[in-house]
Amino acid sequence: MSDLESEIFIERASLQQNKMAENIFLFIPNIIDYFRVITALLSFYYMRTDYMLTTFWYLLSGLLDAIDGHAARMLNQGSKLGALLDMLIDRCATMCLLAALCHFYPDYMMFFQISMSIDITSHWFHVQSSLMKGATSHKMIDLGANPVLRHYYHNRKILFVMCAANELFYCMLYLTHFTSGPFNIFSIILYLSAPLALIKTGISILQLVVACQNVAAVDVADRAADAGNKNQ
């Protein structure tokens, strides 16, 4: 084999190795998200008939949500794909639970519909504005941004408590349709988590407003750049 052929072979092998090493779809956090999809689907399947299996699979999906974030940080495998998967799985799981609540509590259907709309639109706008500004995740907030959102996303304890309380509120609404639990524990958790769930909705509305402002700022900058190019 000539020197040129050897160099070509080595270069191809290096490219192939890099390609395998950077297969985003096989990043551990993203693989965890694939399992989250499976566990979420299982919870949806049992949601109308078996509240015990539903709760098990739904909470397991939520547990995997916490694990994938730690895995991304520990393995340095954060990615835009992972950020979008994480956000969309969260939103779809909550939306499907709220759809079930519309069935179990038809008198409060509009409340659940509004909650779904706020949750989806605020997170979608926030993710899009974050990616437009070059962030790899919607949880990476510019330190010059809104102080409430900055503390909400940068303080992992606050983020965990608020998200957990919001999920608990809707989960307890689901469970109390079937049973109040031993010693009324499900009802107690429902009432304790309700104020935090309301605050979480307020944060989502604020998130939507700030994200719209960020997108508008990107539009202004793009239009200014286009105008400058035309004048050259």
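Colleague: At what angle do helix α6 and helix α8 pack?

Modeller: In this predicted model, helix α6, residues 147-154, and helix α8, residues 185-231, pack at an angle of about 120 degrees, and their axes are 10 Å apart. The crossing of these two helices is left-handed.

Colleague: Which residues make the contact there?

Modeller: From α6 the contact takes V148, L149, Y152 and Y153, while α8 brings K200, I203, L206, Q207 and V210. Sorted by class, the contact of α6 with α8 has seven nonpolar residues, one polar residue and one charged residue.

Colleague: OK, stepping back, how many helices and strands are there in the chain?

Modeller: The protein chain has eight helices and zero strands, and if you read along the sequence the pattern is α-α-α-α-α-α-α-α. Of its 232 residues, 33% count as buried.

Colleague: Which residues have the most contacts inside the largest nonpolar core?

Modeller: That core has 22 residues, and the ones with the most contacts inside it are L97, L101, F112, Y170, L173 and Y174. Helix α4, helix α5 (109-132), helix α7 (156-178) and helix α8 each supply at least two residues of this core. Apart from it lies another core, of seven residues, and among them are Y152, L159, M162 and I203.

Colleague: Let's zoom in on L101, where does it sit, and is it buried or exposed?

Modeller: L101 is placed in helix α4, which covers residues 80-104. Its relative accessible area is 0%, and because buried means under 20%, L101 counts as buried.

Colleague: And what does L101 touch?

Modeller: Leaving aside residues up to four places away in sequence, L101 touches F112, Y170, L173 and Y174. Take Y170 as an example: L101 and Y170 are 69 residues apart in sequence, yet their C-alpha atoms are 8.2 Å apart in space.

Colleague: What about Y170 then, which residues does Y170 touch?

Modeller: With residues up to four places away in sequence again not counted, Y170 touches L97, L98, L101, F111, F112 and S115.

Colleague: Changing topic, which residues does UniProt list as "transmembrane region"?

Modeller: The UniProt entry, which is unreviewed, lists residues 24-45, 158-176 and 188-210 under that name. In the model, residues 24-45 are 82% helix and 0% strand, and the C-alpha atoms at the ends of that span lie 29 Å apart. For residues 188-210 the span is 100% helix and 0% strand, with the end C-alpha atoms 34 Å apart.

Colleague: One more thing, where is F183, and what is its phi?

Modeller: F183 is found in the loop between α7 and α8, and its phi is positive, at about 60 degrees, although F183 is not a glycine. N184 lies in the loop between α7 and α8 as well, and N184 has a positive phi near 60 degrees, in a residue other than glycine.

Note on methods: Residues are numbered from 1 along each chain as its sequence is written. This is a predicted model: local features need pLDDT of at least 70, side-chain atom pairs count only at pLDDT 80 or more; totals for chains, interfaces and linings use all residues. Side-chain values use heavy atoms; hydrogens and water are left out. Helices (H or I, at least four residues) and strands (E, at least two) are DSSP runs, numbered from the N terminus. Buried means under 20% relative accessible area, exposed over 50%, partly exposed in between (1.4 Å probe, protein chains only). Contact means heavy atoms within 4.5 Å. Axes are lines fitted to C-alpha atoms, for helices over the stretch in contact, and angles run from 0 to 180 degrees between N-to-C directions. A crossing is left-handed if the near helix is turned anticlockwise from the far one by less than a right angle, and right-handed if clockwise. Ala, Val, Leu, Ile, Met, Phe, Trp, Tyr, Cys and Pro count as nonpolar, Asp, Glu, Lys and Arg as charged, and the others, Gly among them, as polar. UniProt positions are given in the numbering used here, feature names are shortened, and annotations may be inferred rather than shown by experiment. A nonpolar core is a set of buried Ala, Val, Leu, Ile, Met, Phe, Trp, Tyr and Cys residues joined through side-chain atoms within 4.5 Å.
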